[in-house]
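Reader: Could you take me through the aromatic rings of this protein in some detail? I would like to see how they pair up and what sits around them.

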Amino acid sequence: MPKPFLTYEQQLIKLRDEKHIVITDETETLCKLQQVGYYSLVSGYKHLFRIPAQKIYKNGTAFEELVSLYEFDEALRELFLHYLLHIERHIRSLLSYYFTEKYGEAQSAYLLKTNYNYVRKHQQGIDRLVYELQKLTLTTQHSYIAYQRNTYHNVPLWVLVNALTFGTLSKMYFFFPFDLQSKVSKNFAHVNEKQLGQFLTVMTKFRNVCAHNERLFSYRSKDAIPDMELHSKLGISKECSLYQCGKSDLFAVVIAFRYLLPKQEFLEFKRALTIQIDSFLKSTTHISEEELLRAMGFPANWKKISLYRI
């Protein structure tokens, strides 16, 4: 049976009388419910405030704590997206450079399927990729593409690549011939061709979560990053030979950042992340650091990630 429509006032009453959430400022609560929405705020961020295996909230949970977790997640999305975009920009540049270096600047080069690893198992995927690229050369949504098409009757890859999504960039890398994958991956020390591809696949999923304003801190991807030396150095526990965190969770992205970002940039990211986590924990009395880190997929010693050499 579908849930009935509730006014903002009725939503507040439900939180206070049925959920036993502490409401300290009714006006501010009504404002937040209007700005964010009951489902996005309460249904999206209630889980850490509830007693495990029960549907009741921890005694004394305040509405402001739900808001703090929501705002923490919002800040996380902004932080992670900032650095995901840095890596996306780098990959964008490398793919167009090495492909054009080998095949030339004519758009016919990236539309020729045999310039990719066109083995049987990849043919359908490459067909779809080339179709996407072909369609993009005809777009009117990007003025710089239209200018190249109308003026020079050619859209070189270094122009087209700026309109590609992170997902399409990841596919392009995956379908590159091995020699081009090798050239791209050599720009990242201690990461081989296959590992870079796995990193890109997982980061694409998290980039989409950030871009679509979905819950990030507890998100898990269906794909996983490869087992890396950092997993071992951090002493991440295993179960049936599988690492229990840092594979498909948010910490997996942190590990990817450690391998793909310049050292100083990673340290800046880590400092900002530490501040955000510490600030949120100070705003709540009902979520422990252990509970938060577990939900995020972070090991207790995650801050040591910058101490180990890779």
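Author: Happy to! Let's begin with F99, which is buried, as its relative accessible area is 1% and the cut-off for buried is under 20%. Please keep in mind that this is a predicted model. F176 is buried too, with a relative accessible area of 1%.

These two residues belong together. Over the whole structure, a search finds 19 aromatic pairs. In one of them, the ring centres of F99 and F176 are 5.7 Å apart and the planes meet at 25°, so this pair is stacked, given that planes under 30 degrees apart count as stacked. It also joins distant parts of the chain: F99 lies in helix α4 (residues 63-103), whereas F176 lies in the loop between α9 (166-175) and α10 (178-185), and 77 residues separate them.

Another pair has a contrasting label. The rings of F298 and W302 have centres 5.3 Å apart with planes at 70°, so they are edge-to-face, the term for planes over 60 degrees apart. Both partners can be checked for burial as well: F298 counts as buried at 5% relative accessibility, and W302 counts as buried at 2%.

Beyond pairs, there is a cluster to look at. F80, Y83, F257, F266 and F269 form one aromatic cluster.

The charged end of R50 sits over the ring of Y57, at 5.9 Å from the ring centre. Over the ring of Y243 sits the charged end of K238, 4.6 Å from the centre of that ring.

Methods: Residues numbered from 1 in each chain as written. Predicted model: local features only at pLDDT ≥ 70, side-chain atom pairs only at ≥ 80, totals over all residues. Heavy atoms only, no water. Phe/Tyr/Trp six-rings, centres within 6.5 Å; stacked < 30°, edge-to-face > 60°. Helix = DSSP H or I, 4+ residues; strand = E, 2+ residues; numbered from the N terminus. Buried < 20%, exposed > 50% of the residue type's maximum accessible area, 1.4 Å probe, protein only. Lys NZ or Arg CZ within 6 Å of the ring centre and 35° of its normal.
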